[in-house]
Amino acid sequence: MSVALHPPRMTTAEFLAWEEGQELRWEFDGFEPVAMTAGTFAHDQLQRNMILSIGGRLRGSPCQIIGSDVKIEADGAIRYPDAFVTCSPVAANGTVVRDPVVVFEVLSPSTAGTDRIVKNREYAATPSIGRYVMLEQDRIAATVFHRRDGDWIGHLVGPHDTLHLPEIGLELPLAELYEGVEVLPGPAPSAAPP
């Protein structure tokens, strides 16, 4: 998310209509379109592992994990997270989900600032989102934000820790999401309690 068009200030509805005619994918920061950047093989592996691990565990529940081809609306912005979980029905021809419950982003050098700060604020301001998971791409580690007593609290999850997703009734070893992903050796942060 690094190239913003200037000047057009758009509404969300104007952006959605405009984006339908575009060949490439764009996000909307609440004011203007922002070009999407390409990912890496490790990024794709993490995304695939999320879909497989979490999707399999959600079978038979009202919740489902959705990949990066569907948009979410968060605090007036339109985003394509790497994955998200919704527990509401989605129309077969739907392109925007407005009530995600858990959102996942795989951090990349070009997008980490936006993911950690801008999107984090948008997701915190979206009442349906109970948890935001930012996965490091080069090591087994995640930063997880969740709601607790009206606050948006962050903590670190390391390679030997469990990723707690109580909003959707799941727990899984964080390392499972990194299966087959080449990561840097060395220590990673330890988790704080969820």
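Predicted model: local features only at pLDDT ≥ 70, side-chain atom pairs only at ≥ 80, totals over all residues.
Residues are numbered from 1 along each chain as its sequence is written, and side-chain values use heavy atoms, with hydrogens and water left out.

Strands here are DSSP runs of E with at least two residues, and helices are runs of H or I with at least four, numbered from the N terminus; two strands pair if DSSP finds at least two bridges between them. Strand β9, residues 131–135, runs antiparallel to β10 over 5 bridges, and the two form a hairpin with 6 residues between them. On to β11, residues 151–157, which pairs with β10 in the antiparallel sense over 7 bridges, with Arg148 opposite Asp151. In that hairpin 2 residues lie between the strands, and Asp149 takes a positive phi near 50 degrees. Of the 7 residues of β10 (142–148), 5 are buried, meaning under 20% relative accessible area with a 1.4 Å probe and protein chains only, where over 50% is exposed and in between is partly exposed.

Turning to the cysteines, the structure holds 1 disulfide, defined as a pair of cysteine sulfur atoms within 2.5 Å. Cys63 and Cys87 form this link, with their sulfur atoms 1.9 Å apart. Cys63 lies in the loop between α2 and β3 and Cys87 in the loop between β6 and β7, so the pair ties together parts 24 residues apart in sequence. Cys63 is buried at 11% relative accessible area, whereas Cys87 is partly exposed at 27%.
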